[in-house]
Amino acid sequence: MRIKAVHFAMLAAVAGLSAFAGNAHAQAWPQKPVTFIVPFAAGGGTDAFARPLAAQLDQQLGKRVIIENRAGAGGTVGASAAAKAAPDGYTFFMGAAHHAIAPSLYPNLDYDIEKDFIPVALVSRPPQVIVVNPEKVQAKTLGEFIAYAKANPDKLTYGSAGAGTTHHLAAELFKILTQTKIQHVPYRGAGPAMQDLIAGHVPVVFDGLGSSAAPIKAGQLRALAVAAPKRVTAFPDLPTAAEAGLQNYEVSTWYGLFAPKNTPPEIVQRMTKEVQTALQAQAVKDAWERNGSDVPDVKGAEFGKLVSSEVARWRKVVTEAGVKLD
């Protein structure tokens, strides 16, 4: 009995030392700048939320949080790079709803969004919005736009953040519901798509409010409807799709922070806590409201369940809609 008691005491001591070492590791972190890989070009919806969050975390952590934009293939290039990054707590990945769609459209992905990442926290979830260049599209309401699209099949084009993104799927769902034909023009992120929309190179984008809010307010773009169940506080005069006459058209996107698999759990827990604190900062709250998003409180395993449910949901949409990559 005495031997067993001593053995148990030794095990408890080792466990205590391990926990202490883990806590010490988390407290000492970070000792150098932290990188957030954003898998789209600068200026898009992911950037609209990643950069204010990074600026707030700069202050909280006392170290720089650097945004590294790695665009390509509907966000999968950046995701692949993040999945292969050293799991040392100095690289995180700002993923999006697009990455729950990708498994259904890219059969040869070299990463698994559910297995190769640790979900840290949901960051934002803005709704999609239908925006047009007012000089290229005369329609002032969603009904007028649908009528024009029906009368002119394949004459309109729409830009997206890339094949397989929520922009792409939102447009394809719109086409199914309205029985219209609009040609797809994929870009390397919402930022470049927005630039071409403002310049008039494409007439319409089915965008997330994160990247289109500012040009809408500046009068550079005309918003026709928001694909949400209720109006957005920042745009009280903008009708929902249902109010504008298009039922069952509700599409939102989301952005969330992930760590590469095998990142030390104590660092993941510390980052989770820091993100939750940052999301309550007034500057961040104000930015989220301007971009049409609420401030979510979804983290860790709960966020992981959300991602898995989204993968399943979008697989069903892709299959039923017969969506193919361009």
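## A residue and its surroundings

Setting aside neighbours within four places in sequence, T253 is in contact with A97, H98, S124, R125, P126, Q128 and T166. The model described here is predicted.

**Residue T253**

- T253 is placed in the loop that lies between β9 and β10, the latter comprising residues 255-260.
- T253 counts as buried because its relative accessibility is 1%, and buried means under 20%.
- Among the contacts of T253 is H98, which is one of the buried residues of helix α4.

**Helix α4**

- Helix α4 consists of residues 98-105 and is mostly covered, with six of its eight residues buried.
- Those buried residues are H98, H99, A100, I101, A102 and L105.

**The five-stranded sheet**

- In general, the strands of a sheet pair through backbone hydrogen bonds, and the pairing is either parallel or antiparallel.
- Here, five strands form an open sheet with mixed pairing, in the order β7-β6-β8-β5-β9.
- The edge strands, each of which pairs on one side only, are β7 (183-186) and β9 (222-226).
- On average, neighbouring strands of this sheet are turned by 30 degrees against each other, with direction ignored.
- Strand β5, residues 128-132, runs antiparallel to β9 and is joined to β9 by four bridges.
- V131 has A223, in β9, as its bridge partner.

**Helices packed on the sheet**

- Helix α5, formed by residues 142-151, packs on the sheet and touches β5, β8 (204-208) and β9.
- The direction of α5 makes about 100 degrees with that of β9.
- Helix α8, formed by residues 209-217, also packs on the sheet, where it touches β5, β8 and β9.
- The direction of α8 makes about 120 degrees with that of β8.

**The largest pocket**

- The largest pocket holds about 430 Å³ of space.
- Its lining is made up of 19 residues, and those nearest the centre are R125, P127, A228, K230 and G292.
- By class, the lining of this pocket contains eight nonpolar, four polar and seven charged residues.
- R125, one of the residues nearest the centre of the pocket, is also among the contacts of T253.

Note on methods: Residues are numbered from 1 along each chain as its sequence is written. This is a predicted model: local features need pLDDT of at least 70, side-chain atom pairs count only at pLDDT 80 or more; totals for chains, interfaces and linings use all residues. Side-chain values use heavy atoms; hydrogens and water are left out. On a 1 Å grid over the protein atoms alone, a cavity is a set of points where a 1.4 Å probe fits but cannot get out, and a pocket is an open set with protein on both sides within 12 Å along at least five of seven lines; lining residues have an atom within 4 Å of a point. Grid points are joined across faces, edges and corners, and a volume is the space filled by probe spheres set on the points. Ala, Val, Leu, Ile, Met, Phe, Trp, Tyr, Cys and Pro count as nonpolar, Asp, Glu, Lys and Arg as charged, and the others, Gly among them, as polar. Two strands pair if DSSP finds at least two bridges between them. Helices (H or I, at least four residues) and strands (E, at least two) are DSSP runs, numbered from the N terminus. Axes are lines fitted to C-alpha atoms, for helices over the stretch in contact, and angles run from 0 to 180 degrees between N-to-C directions. Contact means heavy atoms within 4.5 Å. Buried means under 20% relative accessible area, exposed over 50%, partly exposed in between (1.4 Å probe, protein chains only).
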